[in-house]
Amino acid sequence: MKFKFNAWLSLLVLLIGQIALSQTGTVSGKVSDQGGLGLPGVSVVVKGTTNGTQTDLDGNYSIQANKGATLVFSSIGLKTKEMIVSGQTLNLTLEEEVSELEDLVVTAVGIKRKPDELTTANQVIKTAELTQANNPNAIQSLAGKVSGLQINTTSTGLTPNTSIILRGPKSISGNNEALVVIDNIISSAGVLASIDPNSIESMNVIKGANGAALYGERGSNGVIIVTTKKGNKTDKLNVDIVSSVTFEEIAYLPETQDRYGQGWQGDLDWTDQGSWGPEYDGSMQIVGIPYPNSGDWRLFKYEHIEDNIKPFFNTGITYQNSISLSSGSEESGYATLNFNRQDFEGLIPEDTRVKNYINFAAGKKIGKFRLSGIARYTKDKSDRANGALYQTLSNTPGNVPVEMFSSGDNNDHWTLYDNSPYWVLKNARANSHTTISELMGEGQYFLNDNIDFILRSSVRSTALNSSAYLNSFIDLYEYTGTNRSIRSSYNRSITESTVLYTDLMANFNYDLTENLSFKSNIGLNITDSKSHGLSAGGSDLTLPLFYDLSNISNVIDANEDRFRQRTAAVFANFDLGYKNYLFLNLTGRNDWNSVLPKNKNNFFYPSAGISFIPTNAFEGLKGKILNKAKISASIVKVGNASALSAGSVNFVANQAPGYPYFLTASNSFLLETTNVDPNIENEFVTSKEFNLNLEFLNRRITLDASATFTENTNQLLNTTSSNATGFTSTLINVGKTSSKAFEVDLGFTPVKTNDIEWNNTISFSTYKTVVDKVTDDSNIVGSGAPGIYAVEGEEFPLIRGTAYTRDDEGRIVLDANGNPIRSSQLQILGKTTPDYILNFSTSFKYKNFKLSAVADYRTGHVFYSGVADQLNSQGRTIESAQNGREPFVMPNSTVQGSGTTNTSVLSGGSGSYAGYQSYVTDNYGFFDENFVLDATAFKLREVSLTYDLPTAFISKLKLNRLNIGVSGRNLLTVLPKENRGYNDPETGSGLAGYSFTPPTRFYAFSINLAF
């Protein structure tokens, strides 16, 4: 009996186990969108457990689950769906969740709004677009991707500088760059450039002045709102690793003449750096200083060497390694740790840079509280040659093989009139060490479902420690009486700055009726910026190669600077929504700014905007062809005091030159020559914007258009003062400009299947600023020749400089000797803003391959080329070698007083080689007009090709993703014929000189894996 009972018990246990086994197994399937395409990154979780996974790039998933269990499918921007397991295969379709998707649009001070509610033009760039070409600089990654946004790399080298201009410059004297906001905290372009682009979730570019309505005056030129990654929306720990290596090479060098080599006034001269020698004949000739001994003359073939300076430069290499660990969501608690290291080996030999970046973000919702915080740290060290090496090399005659003078001894050089660039590499160095530390915290308390409060605060500290040294050199030979000896020197500077930022807000969200919604945000903001700088230096190091201020033999020149600016503001934002198609936005802000006089230190500015969605308002308008239509308009008035800095309105005395004086410790100060109106105010910007957004054929075609009209009044400009006052000028409120901007973006997807998807965007943008008024006693403001000017009735900015005198028929007027006559006054030589910009981006995906490209075209503007100017003086330009360096008849010219076209009077000197050289350097070279060139440019900004390894393969490696890629940046630049590769037109903001290096292009190889 006992045996039978045990047998039945065993049978029952086996049966229960079999049933359990039959109910537990692997469930797999595919998650698709409404168009049938697989959805990657969808979270799949067994409800009530922590068991979860994500769909792969094709939308496939696999998970262990019991029969009858509920699987929860969720993803940002899609409706969450729950499905009961009934078998081993479970396929489903997820629909778009409009409200969740639209909540991702972060506007001013962290306010999240649906796109339908926005009354201004904006464009969101996701991380995939930012990182597709492996650019280590997030700002440069925006180039060509946002209509109306002009990213100019104003200098090259290890630490390139960039400018961020939205819809063109509008203020004559104030700041025209867009405001940068990172994780709801006002920041700077420098901080954004230091952030690892892989850690950025998205960038929302608010193109107009609407951002300033709540961010304050610094947002009057548009805002770039950066949101970094936080968590991964699941409870699993995700590890994401990105590694890349990038090679940098010279893209192009100036095209130079190939007829004449080293010399002066037609004669060979081994000491000179000019290309004013005789024509090349292939003979063996002496080049440079004898080396290593005084009698060791070196002979080289007297012939042109194409791009002879190119061997001096290296192939630059950048190594990037980034690792990110993330887990959790806001509800359950999230944490993200990101580390990035960038190692740069410069195009210039021995130049290096190392940047380390670490970011930690965490947050959690606890009952009625939501807490979050971010800690960010960047350490950036660079070591570079401290000299204009590219400029020095560009002067080199075309017959000089520069690599043959590479010993590093300053006596080993091809000229007596400059230092050897190879000597500079080791003996003139600049080092910098920058650290950026930032702590941010945010707390939110939900009083109820309708009211909550936010306290957000941050502290950012930046420290820059830099030094530069120059070693001594003793010229033992002094050939031709030229003493090339150099005194040693050492300089050191330390600058520390701190920015404190705080927002306190109360937020209200009510449905007043079934059809009427109300949202409001009321808050205050406080910002406190301080900086302190110390610098000291001097000449003649007592002990060679010991770089310390105590080692300076001469008098130490020391300086100290302090700066502090404080602002406070109260602001309010009100949103009314009627049903789902009509939205009204009203804002008001009052600022107090310490840079203004006490009696004028606060100003109020409001804004109003409306958005209307006809496809939601009128039944039947929305269909298969037209899916959505949105019309919006806004008017914004913004105050701006950026033309003033701390102490501008205070009396400041400057230390007189020459201090300390001989045998006395007395100090001396000079009075200022510029006065400031004691009642000076901020300038005001009033902007009107109109937008149209259309979507067709299930978003296969999108069209966005925007028109903006802006007036910038009360601008701060200097006006001439009476000599009796003791001042030369007075800063007053007087200037006025008017601006217009238009943008059109066309997106279209010709092909979209499971295997192939081709997305394209073409955008057109144009902007124009006209100066309505300068001052009461002048219609021009600016300085220099050439220089940037504002001229009443003309576009801004303009280049003015020396120009040819022309008669009524446009002919160049010559004197009796054939020399062109310079105009008596500076002339307008062109505008620096393009007539229009065309952006083009495309992305073609075939199965696991993805090919992307970004290009742009700018035209209708000019720039001054300092490179062309200097090459002309050295006899290196093609123009300097035309006509065999003999006199010629100036085209389209007339002799002064003749009234007829000149056909006989010769220009170009007296007929001798020396006379022609004098004409080129002392006449032709004195006309700025000759070096103002067409700034038209087509640039292939980015090209990238990536491949995602198949899921079946990477799953065996326990990976979620494995991606390899190759990319290039600046692969092709097409310039007008007159710009013979002298300058990249983007550099210099209209006045382009020499950068640290020539323009470059980049090739990158990358690998990305996640598990």
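Predicted model: local features only at pLDDT ≥ 70, side-chain atom pairs only at ≥ 80, totals over all residues.
Colleague: Let's start with N698. Why is N698 called exposed?

Modeller: The relative accessible area of N698 is 59%.

Colleague: What is the phi of K847?

Modeller: Phi of K847 is near 50°, again a positive value in a residue other than glycine. You will find K847 in the loop that runs between β42 (836-846) and β43 (849-859).

Colleague: Why is K847 called partly exposed?

Modeller: Its relative accessible area is 43%. Buried would need a value under 20%, and exposed a value over 50%.

Colleague: Now M284, please. Why is M284 described as partly exposed?

Modeller: M284 has a relative accessible area of 48%. Exposed requires over 50% and buried under 20%, therefore M284, at 48%, is partly exposed.

Colleague: Where is M284 found, and which residues does M284 touch?

Modeller: M284 is in strand β16. Leaving aside residues up to four places away in sequence, M284 touches L299, F300 and K301. Touching here means heavy atoms within 4.5 Å.

Colleague: How far apart are the C-alpha atoms of M284 and S531?

Modeller: They are separated by 60 Å, and the two residues lie 247 residues apart along the chain.

Colleague: On to the prolines. What kind of peptide bond joins Y291 and P292?

Modeller: That bond is cis, with omega about 10°. P292 belongs to the loop between β16 (284-286) and β17 (299-301). Another cis bond runs from A785 to P786, where omega is near 0°. P786 is in the loop between β37 (780-782) and β38 (787-791). Most peptide bonds are trans.

Colleague: Last one: which residues of helix α10 are buried, and what do they pack against?

Modeller: In α10 (residues 913-922), the buried residues are Y913, G915, Y916, Q917, Y919 and V920. Buried means a relative accessible area under 20%. These buried residues of α10 pack against α9 (866-873).

Conventions: Residues numbered from 1 in each chain as written. Heavy atoms only, no water. Helix = DSSP H or I, 4+ residues; strand = E, 2+ residues; numbered from the N terminus. Buried < 20%, exposed > 50% of the residue type's maximum accessible area, 1.4 Å probe, protein only.
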